[in-house]
Amino acid sequence: MKRLLAIGEALIDFIPAESGREMKQVSAFAPAVGGAPANVCGAYVKLGGEASMITQLGEDPFGDKIADEFAACGIGCDYVKRTREANTSLAFVALKEDGNREFSFYRKPGADMLMGAEDIQESWFSDIFGLHFCSVSLGDFPMKEAHRQAVRFASEAGALVSFDPNLRFALWEDVTALKKVVQEFAPMAHVLKVSDEELEFITGSGDIKEALPQLLTGNTRLVIYTKGSDGAECYTRKASAFAPGEKVKAVDTTGAGDGFIGSFLYCLSADGITADALDEMTEEQMKRYLAFANRFCGKSVMGHGAIASYPSGEEMK
């Protein structure tokens with residue numbers, strides 16, 4: 001299998017000691033390594049693949065913690081830079097009574113935000129399977145241009161490009177700017193993952209089939225539509241598929257969506273599905289990949305944290 005790269009934020013998620021409470025009511029938080037692109041790498045590696053993260057950490061203890069955990073779980077750190085210009089980003093998470101998550105971010109700026117296009121080297125992208133990214137680091141700061149450069153290098157190298165908007169409204173003063181940047185970057189990706197909670201904001205429609213013409217544009221060949229415990233759907237211009245969700249008792253859903261796309265990308269890589277081959281995938285193939293990713297998520301939400309809760313390849317057997 002070829003290597004997966006992901007670019008964006010690597011941060012510390014502070015997980016609440018108890019569920020069913022608002023942020024202001026939580027009595028204690030425990031630090032866990034997170035950040036959506038890092039979680040995707042973690043899922044890919046846990047299943048037996050090779051993945052490396054492109055990011056920047058602060059010269060601080062939290063940066064050390066992330067680097068140590070990456071090394072321990074096998075996420076490549078060759079493209080992880082360190083800086084003294086800003087601290088490592090932090091994110092506090094609360095799991096409210098209605099099941100929704102509440103976020104509070106400490107990154108004004110975070111070290112990851114200051115990585116620029118000049119830090120991205122073309123040689124990193126030779127002979128890789130793909131590049132994955134999200135929208136958290138697409139604000140008006142240097143990391144946005146680092147993403148643009150990485151996507152360009154990956155595309156020119158023939159790699160598959162994957163985008164999960166992973167919307168975090170708390171990070172944007174103007175949500176119109178968030179919508180605009182998602183709509184700008186989405187057509188650059190061959191694989192686009194959108195959740196049922198994000199679809200209407202991005203496209204203006206809550207109906208996936210009605211929204212598809214807006215999503216299957218530009219380079220996009222495959223749209224993955226996730227619906228939590230209600231399962232997930234896949235669409236190309238030629239075929240579609242559905243797989244039901246896993247019915248489990250969820251303990252912590254942190255990183256579940258990242259685990260889904262990470263395990264789905266692992267399936268594509270394991271079967272040698274390139275960007276050019278996405279259009280030719282059959283309904284049976286897509287259904288099999290969706291079912292695997294749903295099962296991966298079902299196992300992960302029964303544990304705490306993100307990467308730490310992801311099942312290994314052996315556990316998935």
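Close-up 1. At 27% relative accessibility, Arg-148 counts as partly exposed, a class lying between buried (under 20% relative accessible area) and exposed (over 50%), as computed with a 1.4 Å probe on protein chains only. The structure is a predicted model in which local features need pLDDT of at least 70 and side-chain atom pairs count only at pLDDT 80 or more, while totals for chains, interfaces and linings use all residues. Residues are numbered from 1 along each chain as its sequence is written, and side-chain values use heavy atoms, with hydrogens and water left out. The side chain of Arg-148 meets that of Glu-184 in a salt bridge with an N to O distance of 2.8 Å; the term denotes a side-chain nitrogen of Lys or Arg within 4 Å of a carboxyl oxygen of Asp or Glu. This pair links distant parts of the chain, with Arg-148 in helix H3 (residues 142-156) and Glu-184 in helix H4 (residues 175-185), 36 residues apart. Helices (H or I, at least four residues) and strands (E, at least two) are DSSP runs numbered from the N terminus. Glu-184 is also partly exposed, at 33% relative accessibility. Glu-145 belongs to a network of salt bridges together with Arg-148 and Glu-184. By the stated rule, the count comes to 16 salt bridges.

**Close-up 2. The salt bridge between Asp-279 and Arg-221.** The closest N and O atoms of Asp-279 and Arg-221 are 3.4 Å apart in this salt bridge. It links distant parts of the chain, 58 residues apart: Asp-279 lies in the loop between helix H7 (256-270) and helix H8 (283-300), and Arg-221 in the loop between helix H6 (208-215) and strand S11 (222-226). Asp-279 is buried, with a relative accessible area of 18%, whereas Arg-221 is partly exposed at 24%.

**Close-up 3. The salt bridge between Arg-288 and Asp-271.** The side chains of these two residues meet at an N to O distance of 3.5 Å. Arg-288 is in helix H8 and Asp-271 in the loop between H7 and H8, so that the pair, 17 residues apart, links distant parts of the chain. Both partners are partly exposed, Arg-288 with a relative accessible area of 39% and Asp-271 with 38%.

Close-up 4. Five of the five residues of strand S1 (residues 3-7) are buried, so the strand is largely enclosed by the rest of the structure. Arg-3, Leu-5 and Ile-7 point one way, and Leu-4 and Ala-6 the other way. In a regular strand the side chains alternate between the two faces of the sheet. S1 pairs in the parallel sense with strand S8 (residues 128-134) over four bridges, pairing being assigned if DSSP finds at least two bridges between two strands. Within this pairing, Arg-3 stands opposite Ile-128. Strand S4 (residues 51-58) likewise pairs with S1 in the parallel sense over four bridges, and here Leu-4 stands opposite Ala-51.

Close-up 5. Ser-89 lies in the loop between strand S5 (80-83) and strand S6 (90-95) and counts as buried because its relative accessibility is 1%. Leaving aside neighbours within four places in sequence, the residues in contact with Ser-89 (heavy atoms within 4.5 Å) include Leu-11, Ile-12, Tyr-106 and Asp-112. The side chains of Ser-89 and Asp-112 are joined by a polar contact of 2.5 Å.  A polar contact is a pair of N or O atoms within 3.5 Å; within protein, one must be able to donate a hydrogen and the other to accept it, and residues adjacent in sequence count only if both atoms are side-chain atoms.
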